[in-house]
Amino acid sequence: MAQILDGIRIRDQILKECKVRVERLAAAGRVPGLTVILVGDDPASQIYVRNKIKACEEIGIRSQKLTPPATITTEELLALVADLNRQEAVDGILVQMPLPPHIDAKRVLLAVDPEKDVDGLHPLNAGNLVTNRPGPRPCTPSGIMQILKRHGIPVSGRRAVVVGRSDLVGKPMAFLLLHEHATITICHSKTVDLPGVCREADILVAAMGRPALITGDFIKPGATVIDVGTNRVSDRDRAAAIFARKPEKLADFDKRGSLLVGDVHPVDVAERAGAYTPVPGGVGPLTIAMLMVNTIEIAERRHRGC
Ligand code: NAP
């Protein structure tokens, strides 16, 4: 049986460590502060932001949520970010994506002070990642590195294949694995013979947003498979095809009307992989934990004045 890489347990460990670091900073008179800007009223973004604020409260980070209306202009949002850049008590600034289509999201991300860029998405921090210099790293890939490290999965010298090349997940994931001395291949929608390339992987990371696309024939027996995908499947025929050999999951679907499915086929991976992250309960929980780590690291750096 494949080992299940439990993201919830690792998240709890990391948050416990975070709490100690926050207490240490607070004792030195320097409570870390995170400000989240949530533009408009997108329901999914509201849930993500609520969970981020809740995590801050749990570990003692001072959080602030700013909720400008969806009608805000790019210039007004830039002015808001500039004001936060100047505020001493704000360590981390997070602009929740996606922004409404009329807003120039790239300009807004570029306006965040790279020192306060908790999501690690500023081009300067992307450069810091590529050149392996200190700086905030994108939360989801750095959470995956924690899953591998804390489960004792060796990375050095191994073949890693990352499917997906987004700035948020795929590219930073590949560089983090490279810096730990894996041999990297990055795949995307134009990759020829995706199953064949994936089968070379000792560590396979799927980050495409395509439900259950990675089936058994993509997986080298015994490989470690990391599933970043979070796709809500609400089509019953699709769910029936994915869970043909798992009637209890299909019954679950019938009860709820939808199910969360990763980019990796949930039944095949359990049969072929050596270890894998489940969906839900694998990668997802780590993203917010690493946001807390980034906020604390920025506060510690600013406290030290370097
Ligand atoms: P994205 O920006 O849409 O990027 C998707 C990438 O997958 C692109 O590079 C695309 O290739 C590639 N791709 C799409 N279809 C493909 C196919 N059939 N074969 C090979 N490659 C394909 O998505 P993202 O932001 O990186 O997110 C990816 C997934 O992770 C989504 O399901 C998202 O919801 C999830 N996610 C989860 C968390 C979490 O905390 N668990 C965090 C972030 C994202 P091209 O570049 O050629 O178009």
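These legends describe close-up views of a predicted model. Local features need pLDDT of at least 70, side-chain atom pairs count only at pLDDT 80 or more, and totals for chains, interfaces and linings use all residues. Residues are numbered from 1 along each chain as its sequence is written, and side-chain values use heavy atoms, without hydrogens and water.

View 1. The structure has one cavity of 30 Å³ or more. A cavity is a set of points on a 1 Å grid over the protein atoms alone where a 1.4 Å probe fits but cannot get out.

**View 2. Strand S4 beside the cavity.** S4 (residues 92-95) gives the largest share of the lining, three residues. Strands are DSSP runs of E, at least two residues, and helices are runs of H or I, at least four. Gly-92 and Leu-94 on one side of S4, and Ile-93 and Val-95 on the other, are buried (under 20% relative accessible area, 1.4 Å probe, protein chains only). S2 (residues 33-37) runs parallel to S4, joined by four bridges. Val-36 stands opposite Leu-94.

**View 3. Ser-258 in its loop.** Ser-258 lies between helix H10 (247-256) and strand S10 (259-261). Ser-258 is buried, at 14% relative accessible area. Its side chain makes a polar contact of 2.9 Å with that of Arg-232 (N or O atoms within 3.5 Å, one able to donate a hydrogen and the other to accept it).

Notes
On a 1 Å grid over the protein atoms alone, a cavity is a set of points where a 1.4 Å probe fits but cannot get out, and a pocket is an open set with protein on both sides within 12 Å along at least five of seven lines; lining residues have an atom within 4 Å of a point. Grid points are joined across faces, edges and corners, and a volume is the space filled by probe spheres set on the points. Buried means under 20% relative accessible area, exposed over 50%, partly exposed in between (1.4 Å probe, protein chains only). Two strands pair if DSSP finds at least two bridges between them.
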